[in-house]
Protein chains: 2
Amino acid sequence: MRTYNSDMDSKAENIEKLTTFAKAMGHPTRMEILAFLLEQNTCYFGDIHEVFPNAKATISQHLKELKSAGLIQGEIEGPKVKYCINKENWELARLLFADFFKSNVKTKCC
Amino acid sequence: MRTYNSDMDSKAENIEKLTTFAKAMGHPTRMEILAFLLEQNTCYFGDIHEVFPNAKATISQHLKELKSAGLIQGEIEGPKVKYCINKENWELARLLFADFFKSNVKTKCC
DNA sequence: AATAATGTTCGTATTTTTGCGAACATATAA
DNA sequence: TTATATGTTCGCAAAAATACGAACATTATT
């Protein structure tokens, strides 16, 4: 079945997802982490950690939030942990933000 | 003079602006307010307030934050206050988010 | 097995955000 | 002028986010 959601529902869902993405992106360190991951190929926790002035616990927590928002993913590799952008959701975020901001703003108001 | 900022600087500035926009968008009520403003022509405070279950003070505060982030603008009209999307910054946000998410994600990692 | 390296989780302190009633400010109406 | 309508600001309480050291778990190395 693929006819369950009405347009209204999926619109509300999209706003919810956008809120989740935006919230995760609403912190300087987390945005910097995303920017860092975008320009790296290797991205072990340690590589990320050594770029920031924060404690391990703090970075780990930010990564956890980015992950739970779906923007990144992690993979255990030996004793290390490899992080990277979550491609699928990255594309989803791209689409949702683009759609949200493209909306023709009414010329009337203000 | 228009040659002051290096690419690095403006990149950092862009991330900062993105963080500001994202933070403002990272709350359900504020996202709903934006969505509401996008589909309205008239947008007095009262019109917005009556759509949400929150107290006037709460809505007023959310509007204040959206405004200080640059996403909306307000205009006093008689005893009422008219709110709407800030077109210039809306376009800026559209560009910044699009640019951020378009980044070709490396195929290597994860 | 013992040690070292790498991250996560726990507990906690601090700060920030959120939400709201009450008081206030301003403009219109009576 | 007095009253009414419309929002904002203030002050405070509750909740959530942030940051970090210490303890813990897991894997690799000796």
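Me: How many salt bridges are there between chain B and chain A?

Reply: Start with the general idea. Side chains of opposite charge can pair when their charged atoms come close. This is a predicted model. Between chain B and chain A the count is two salt bridges. Over all chains, the structure holds ten.

Me: Which residue forms a salt bridge with Glu39(B)?

Reply: Lys11(A) does, with the closest N and O atoms 3.1 Å apart. The pair crosses between chains. Glu39(B) sits in the loop between α2 and α3 (45-49) of chain B. Lys11(A) belongs to helix α1 (residues 7-25) of chain A.

Me: Which elements of chain B give two or more residues to the side that touches chain A?

Reply: They are α1 (7-25), α2 (28-38), β1 (72-77), β2 (80-85) and α5 (87-102) of chain B. The largest share comes from α5(B), with eight residues. By type, this side of chain B divides into 22 nonpolar, eight polar and ten charged residues.

Me: How much area do chain B and chain A bury between them?

Reply: The size of an interface is often given as the accessible area lost when the parts come together. Here chain B and chain A bury about 3,700 Å² between them. Of that area, 76% is on carbon and sulfur atoms. The contact takes 40 residues from chain B and 40 residues from chain A.

Me: Now inside one chain. At what angle do the axes of α2(B) and α4(B) cross?

Reply: They cross at roughly 75° and come within 10 Å. Angles of 65 to 115 degrees count as roughly perpendicular, so α2(B) is roughly perpendicular to α4(B). Helix α4 of chain B covers residues 56-68.

Me: Which residues of α2(B) and α4(B) meet?

Reply: From α2(B) come Thr29(B), Arg30(B), Ile33(B) and Leu34(B). They meet Ile59(B), His62(B), Leu63(B), Glu65(B) and Leu66(B) in α4(B). The residues of this contact divide into five nonpolar, two polar and two charged.

Me: One more, in chain A. How many residues apart in sequence are Tyr44(A) and Lys82(A)?

Reply: They are 38 residues apart in sequence, yet 4.3 Å apart in space, C-alpha to C-alpha. Tyr44(A) lies in the loop between α2 (28-38) and α3 (45-49) of chain A. Leaving out residues up to four places away in sequence, Tyr44(A) touches Glu77(A), Lys80(A), Val81(A) and Lys82(A).

Me: Which side chain makes a polar contact with the side chain of Tyr44(A)?

Reply: That of Glu77(A), at 2.5 Å.

Notes:
Residues are numbered from 1 along each chain as its sequence is written. Chains are lettered from A and ligands numbered from 1 in the order in which they are written. This is a predicted model: local features need pLDDT of at least 70, side-chain atom pairs count only at pLDDT 80 or more; totals for chains, interfaces and linings use all residues. Side-chain values use heavy atoms; hydrogens and water are left out. Contact means heavy atoms within 4.5 Å. Buried area is the accessible area (1.4 Å probe) that two parts lose on being put together, summed over both. A salt bridge is a side-chain nitrogen of Lys or Arg within 4 Å of a carboxyl oxygen of Asp or Glu. Helices (H or I, at least four residues) and strands (E, at least two) are DSSP runs, numbered from the N terminus. Ala, Val, Leu, Ile, Met, Phe, Trp, Tyr, Cys and Pro count as nonpolar, Asp, Glu, Lys and Arg as charged, and the others, Gly among them, as polar. Axes are lines fitted to C-alpha atoms, for helices over the stretch in contact, and angles run from 0 to 180 degrees between N-to-C directions. Angles under 35 degrees count as roughly parallel, over 145 as roughly antiparallel, 65 to 115 as roughly perpendicular and the rest as oblique. A polar contact is a pair of N or O atoms within 3.5 Å; within protein, one must be able to donate a hydrogen and the other to accept it, and residues adjacent in sequence count only if both atoms are side-chain atoms.
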